[in-house]
Amino acid sequence: MAESTSQSSDPAKGEELRDLVQRFMASLAEFSRRLPFDVDLQKLCSITTLAALAITLAFAWKLLRTPPEQQRRQRRRPSSSPNLSINNLHSDTSLQSSEVCSSSGDSRAQCAVNEFFQPVELALEQLVRHKLNEGRKVTCRLLGVVLDETTPEELQKQATVRSSVLEVLLQIAKFCDVYLMERVLDDESGERVLSALDDSGVFTAGGLIRDKVLFCGTENGRISFVRQLEPDWHVDTNAEIIHQLTRFIKYLLHVTPDRPQNTASNVFISTSLEQFFGDLDQR
């Protein structure tokens with residue numbers, strides 16, 4: 001009778017192992033996407049990776065083979081005192097977690113994978129470096145990206161730096177030569193922009209350089225700036241300028257609330273600069 005029970009449980013455990021392998025590989029692919037550098041999934045089949053996979057599977061399979069009855073017996077320990085120590089509290093928490101994971105083969109497999117791959121929280125610096133993709137020079141328009149204002153006419157009255165973009169902008173400046181540029185209607189507008197940038201602290205924080213803030217009188221002037229500087233990235237809100245630069249610039253970020261269709265392969269879309277460089281999943 002015992003032999004029959006053992007034989008009937010073997011296929012079930014085989015299913016658990018196959019399920020574990022599938023979940024493990026899916027988690028491995030997801031984990032590789034969260035790294036601050038690109039990973040060739042085909043190279044994950046190297047000898048080192050296979051060895052780590054074998055060790056992990058062996059450990060997980062050993063956990064799965066532990067009979068639920070034995071796990072429950074280990075958990076049923078009478079408390080010697082109503083006053084619990086910190087260690088006892090940690091132990092109880094661990095036992096509760098084990099109980100959840102041992103409720104079924106599927107949940108045990110899932111818990112094994114979840115414990116192996118905890119969520120990876122990348123720092124903003126790592127995210128920015130990953131998105132730049134080894135870029136070393138960035139040009140960026142000011143209106144609608146760095147400034148709250150969206151038209152040159154507004155700059156004749158005021159210039160306001162968006163506080164949400166400052167951290168990302170300074171992180172980009174750590175890795176890249178950054179040029180800011182904008183079309184203005186008069187010299188006073190340019191001075192107003194420089195004063196706002198100065199007040200925000202971007203020039204004193206060791207990131208941006210005042211002499212690399214450029215002004216022009218036409219949209220074509222901004223195109224000329226970009227082509228002369230030959231950046232790896234250009235950030236703009238003007239769809240026509242993005243289109244004209246696709247042949248000359250390696251990467252372009254179009255900041256817009258819309259989702260344009262039929263964009264070039266080197267054009268990225270985002271609602272803001274900080275949204276693009278601060279979100280790993282946005283492409």
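Start by selecting Phe268: at 22% relative accessibility, this residue counts as partly exposed (that is, between 20% and 50% relative accessible area; under 20% is buried and over 50% exposed, using a 1.4 Å probe and protein chains only). Before you click on, note that this is a predicted model, where local features need pLDDT of at least 70, side-chain atom pairs count only at pLDDT 80 or more, and totals for chains, interfaces and linings use all residues. Numbering runs from 1 along each chain as its sequence is written, and side-chain values use heavy atoms, with hydrogens and water left out.

Trp233 and Phe268 make a tilted aromatic pair, 5.5 Å centre to centre with 35° between the planes. For such pairs, ring centres of Phe, Tyr or Trp (its six-membered ring) lie within 6.5 Å; planes under 30 degrees apart are stacked, over 60 edge-to-face, and the rest tilted. Trp233 is in strand S4 and Phe268 in strand S6 (residues 267-270), so the pair ties together parts that are 35 residues apart in sequence. Helices (H or I, at least four residues) and strands (E, at least two) are DSSP runs, numbered from the N terminus.

Next, show Tyr251, Phe276 and Phe277 as well: ring pairs link them with Trp233 and Phe268 into a cluster. The structure holds seven aromatic pairs.

What sits over the ring of Phe276? Select Lys131, whose charged end is 4.2 Å from the ring centre. The cut-off here is NZ of Lys or CZ of Arg within 6 Å of the ring centre and within 35 degrees of the ring normal.

Go back to Phe277. Leaving out neighbours within four places in sequence, its contacts (heavy atoms within 4.5 Å) include Leu124, Val128, Lys131, Ile172 and Leu253. Phe277 is also among the residues with the most contacts inside the largest nonpolar core, which has 40 residues. Such a core is a set of buried Ala, Val, Leu, Ile, Met, Phe, Trp, Tyr and Cys residues joined through side-chain atoms within 4.5 Å. Colour helix H8 (163-175), one of the elements giving two or more residues to this core; H8 supplies the largest share, seven residues. Apart from this core lies another, of 13 residues, among them Leu229, Ile241, Leu252 and Val267.

Last stop: His254, in strand S5. His254 counts as buried, at 6% relative accessibility. Beyond residues up to four places away in sequence, His254 touches Asp236, Asn238, Pro260 and Phe268, among others.
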